Number of protein chains: 2
Amino acid sequence: MAPQLDAYFNQVDSMAESFIDRLAKAVAIPSVSADDDKRGEVVRMGKFLESELKALGAHVEARPLGKQPGKEHLDLPPVIVARYGEDKNKRTILVYGHYDVQPALMEDGWATEPFKLTVDDKGRMYGRGSTDDKGPVLGWLNAIEAHQKAGVDFPVNLLMCFEGMEEYGSEGLDDFINAEAKKFFKDADAVCISDNYWLGTEKPCLTYGLRGCNYYSIEISGPGQDLHSGVFGGTAQEPMTDLVRVMGSLVDTHGRIQIPGLMDLVAPLTDEEKELYKGIAFTMDNLYESLGSQTGIYDDKERTLMARWRFPSLSLHGIEGAFSAPGAKTVIPAKVIGKFSIRTVPNMEIADVNKLVFDYVNKTFAALGSKNTCKVIEQHSGKWWVASPKHWNFTAAAKAVEKVWKVQPDLTREGGSIPVTLTFEQATGKNVLLLPMGSSTDAAHSINEKLDRRNYIEGIKLLGAYLHYVAEEPMKES
Amino acid sequence: MAPQLDAYFNQVDSMAESFIDRLAKAVAIPSVSADDDKRGEVVRMGKFLESELKALGAHVEARPLGKQPGKEHLDLPPVIVARYGEDKNKRTILVYGHYDVQPALMEDGWATEPFKLTVDDKGRMYGRGSTDDKGPVLGWLNAIEAHQKAGVDFPVNLLMCFEGMEEYGSEGLDDFINAEAKKFFKDADAVCISDNYWLGTEKPCLTYGLRGCNYYSIEISGPGQDLHSGVFGGTAQEPMTDLVRVMGSLVDTHGRIQIPGLMDLVAPLTDEEKELYKGIAFTMDNLYESLGSQTGIYDDKERTLMARWRFPSLSLHGIEGAFSAPGAKTVIPAKVIGKFSIRTVPNMEIADVNKLVFDYVNKTFAALGSKNTCKVIEQHSGKWWVASPKHWNFTAAAKAVEKVWKVQPDLTREGGSIPVTLTFEQATGKNVLLLPMGSSTDAAHSINEKLDRRNYIEGIKLLGAYLHYVAEEPMKES
């Protein structure tokens, strides 16, 4: 039986101004986690959430995470965990979000005050954190309140986990999730995270996959100190010469990774999977607009989306230790460190990728016949994540999208990583769904971040509707 | 007839402490030309020279050079020009030096206060500017004073040109020299510059050649702004990928320049020239010591010296616009600028080198088939300089070295450039001699710069002796 959602939806519409006001209050707290001086504001934002949740009747705990590693004078902001509902006969859904934000300064080029929610005549609500991730976090609170005001029974028990360090590497969170998986989070039947974006601006999506990332350094050294190129040029083997040759051997202009064996690790593309990409609402113009140029590798949508989501890529990020300032300097750098990373996909295991990379870099360097020294190092790695979009958690979300937006959602993956996704999946053993609220033009992490009023208000309906559908879905993969 | 120098030499020895005191006074003035805040100290150092020269009876003028280009609130420090002696029957020698110094801070790692001359028990006189170039500049003043005190007739008319911006690109100097070549400097019969170093620590040298330097940028751009490698990796053509491929095609690990035609511009090596390198006081251990490693390209002295002095080299200096900090950043840089330079030698004309470089870079980039945009730019160029070491100016200097140091000097070239050398040669049309005072271990531009007491005191004798020999030398190439 389809859930009766009209009363809830009407209530959301009638409370829209109050929900926007709640978002304005949250945006006004500059909870910048990367800025030590703003740590008090991050804590204040956590307390704001805590008090709002308590007012809604939730059980709330602010859990300390100890000192910030490397900055022992700074406490990490607490994780705000909450439970709303204790009914043994209902499903329990665990939701995650974060209440910290990226840095923002007027002088970065914002058109409006970044920490003042400013709504323009097209309903674009500008402000740091509006879409990433205060809007979605408050979405869950707004859904609870609208149910209460409308007198509609809340369909599930809701577990909430809101952290305050996401924009600074989620320091301490993995250990916390692993520790609480069988404690505070033990009743969770499924997980939902609203912290990503639609692929475009018009069509909602559900996200079932993320690429992983293996990040490497190649350090090449020789001389005891930087040298003058006039005095030593032509007589010393130069680390930069070796490094650009090694880096130049990793990938070609067309994105083809040159490391032997690496592509063999990639799960074969099936015909069925190939079909999936045709229907996705995406055009090459969408790519060109976000690139700011027409310098794409592929000319068609399908191969572009597959290259972003389900094939690996290798990017060269830069070189540490060489001359990097404007102008001219006649230095021979003594030690240079090239940085590159590989975005990974099923079935590339981290250790297998590492071995192929190390072997290839070492062999390529050895072939140069250089007297310099080469070390290749794994800086950090995060695994890819792919969930089954046929799981009842996704089926429920798809129905909620259709109900609210009158359209079937695209099933998407992302080229980047949201490491907490895999952590939740592994710690709880439950299906994780990524259910975005904002759109591709929201400019998270950039100047003039915004959330469209429509995405916020319909998003509140969507989160509530999802909870209704997920409460009713048969507990099996359809 | 060999000059009678004993009285002069004895006088220098007896005044040694006073000459060291004069150097201490100069070192105590932090005349750092690169530091805007220290411009007053540079000017003060110029005034110190002016007053010392006046006290010696020289005609002195402080010549303004106008405002500093790009920093219109700052006056360039004046060029101090002076004339000592007006005897039409004597030769006139023009000497050049500079009274500004490189920056120096205790926290850079100096063992003693950089602006306090500190003499250790081995006679090493530490202090910024001691060897570069206050010691040599004061050498000329000390030579004048010792002649006066000893009652020895000064053998030449001395023209002096001391600038205060050498460590910051000699701003404004070329125009000044060109303008004064037929005015203040018009009587010059030859030029002598004491602003370089012995090849080692024991054997004096005369320097007759310098390499030139053509400095280039390769700018590759594509996307409208920096991109996230998760979102765009695999779908965008990345400027860094193209740039390292182009940079990697310029030179190999063994220093061999890969640009077709470039080596054809180099003057052929003659058997006679080849012989010159055998006798030079230089060992591979000297190279390894200054490199701080054994990562040299050649295993023998002759090829190493030729690679430094008489063959071109190509060094990759770094990349602007890419990620260059420690740590990890998953950026795809939108615009990257690779910097490299070519040290040039006879007969490589600047325009010919540029054409070969531009053609090769453009062709190599085109072969990548990239949609990105590549621009190759000449940032600046300075031509090589080679004088005839058989000129009477050199013959006189060689005799002075033998008189003072009891050894024939090595005839050396340098791998780096001292652009003012070529300017003086071209402006005056006279032979230019580089006559170094300090040794290879003096650490000019580094921490713990020093001048050995022995090099300073014997150097004062050498400069004076040179003036006596150059006064007597037959005016023809021997």
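In which loop of chain A does Ser170(A) lie? Ser170(A) lies in the loop between strand 8 (157–163) and helix 5 (173–180) of chain A; helices (H or I, at least four residues) and strands (E, at least two) are DSSP runs, numbered from the N terminus.

The model is predicted, so local features need pLDDT of at least 70 and side-chain atom pairs count only at pLDDT 80 or more, while totals for chains, interfaces and linings use all residues. Residues are numbered from 1 along each chain as its sequence is written, chains are lettered from A and ligands numbered from 1 in the order in which they are written, and side-chain values use heavy atoms, with hydrogens and water left out.

**Backbone features**

- Phi of Ser170(A) is near 50 degrees, a positive value in a residue other than glycine.
- With 18% relative accessibility, Ser170(A) counts as buried (buried means under 20% relative accessible area, exposed over 50% and partly exposed in between, with a 1.4 Å probe and protein chains only).
- Lys406(A), also not a glycine, has a positive phi of about 60 degrees. Lys406(A) is placed in the loop between helix 12 (392–405) and strand 18 (410–414) of chain A and is exposed, with a relative accessible area of 66%.
- The peptide bond from Pro346(A) to Asn347(A) is cis, with omega near 0 degrees. Asn347(A) belongs to the loop between strand 15 (335–344) and helix 11 (350–368) of chain A.
- In chain B, the bond from Pro346(B) to Asn347(B) is cis, with omega near 5 degrees.

**Annotation and relation of the two chains**

- An unreviewed UniProt entry carries the annotation "domain: Peptidase M20 dimerisation" for residues 217–365 of chain A; UniProt positions are given in the numbering used here, feature names are shortened, and annotations may be inferred rather than shown by experiment.
- Residues 217–365 of chain A are 35% helix and 18% strand, and the end C-alpha atoms are 14 Å apart.
- Chain A is superposed on chain B by a rotation of 180 degrees with 0.2 Å of shift along its axis (RMSD 0.2 Å), by least squares on the C-alpha atoms of residues with pLDDT of at least 70 in both. The two copies are thus related as by a two-fold rotation axis.
- In chain A, the C-alpha of Val244(A) is the nearest to the axis, 2.6 Å from it.
- The same surface serves both copies, since 100% of the contact residues of chain A recur in chain B (contact means heavy atoms within 4.5 Å).

**Strand pairing in chain A**

- Strand 9 (residues 190–193) of chain A is covered on both faces: Ala190(A) and Cys192(A) on one side, and Val191(A) and Ile193(A) on the other, are all buried.
- In a regular strand the side chains alternate between the two faces of the sheet.
- Strand 5 (residues 92–98) runs parallel to strand 9 of chain A and is joined to it by four bridges; two strands pair if DSSP finds at least two bridges between them.
- Strand 9 is also joined by three bridges to strand 19 (residues 432–434) of chain A, again in parallel.
- Val191(A) stands opposite Val432(A) in strand 19 of chain A, and Leu94(A) stands opposite Val191(A).
- An open sheet of three strands in chain A has the order 6-7-20, with antiparallel pairing. Strand 6 (118–119) and strand 20 (450–452) of chain A stand at the edges, each with a single partner strand, so one side of each is left without a neighbour in the sheet.

**Aromatic rings and charges**

- Over all chains there are 20 aromatic pairs (rings of Phe, Tyr and Trp, its six-membered ring, pair if their centres lie within 6.5 Å; planes under 30 degrees apart count as stacked, over 60 as edge-to-face and the rest as tilted).
- The ring centres of Tyr84(B) and Phe154(B) are 5.1 Å apart and their planes are at 85 degrees, so the pair is edge-to-face. Both Tyr84(B) and Phe154(B) are buried.
- Tyr277(B) and Trp309(B) have ring centres 5.8 Å apart and planes at 40 degrees, so the pair is tilted.
- The charged end of Arg310(A) sits over the ring of Phe311(A), 4.8 Å from its centre (NZ of Lys or CZ of Arg must be within 6 Å of the ring centre and within 35 degrees of the ring normal).
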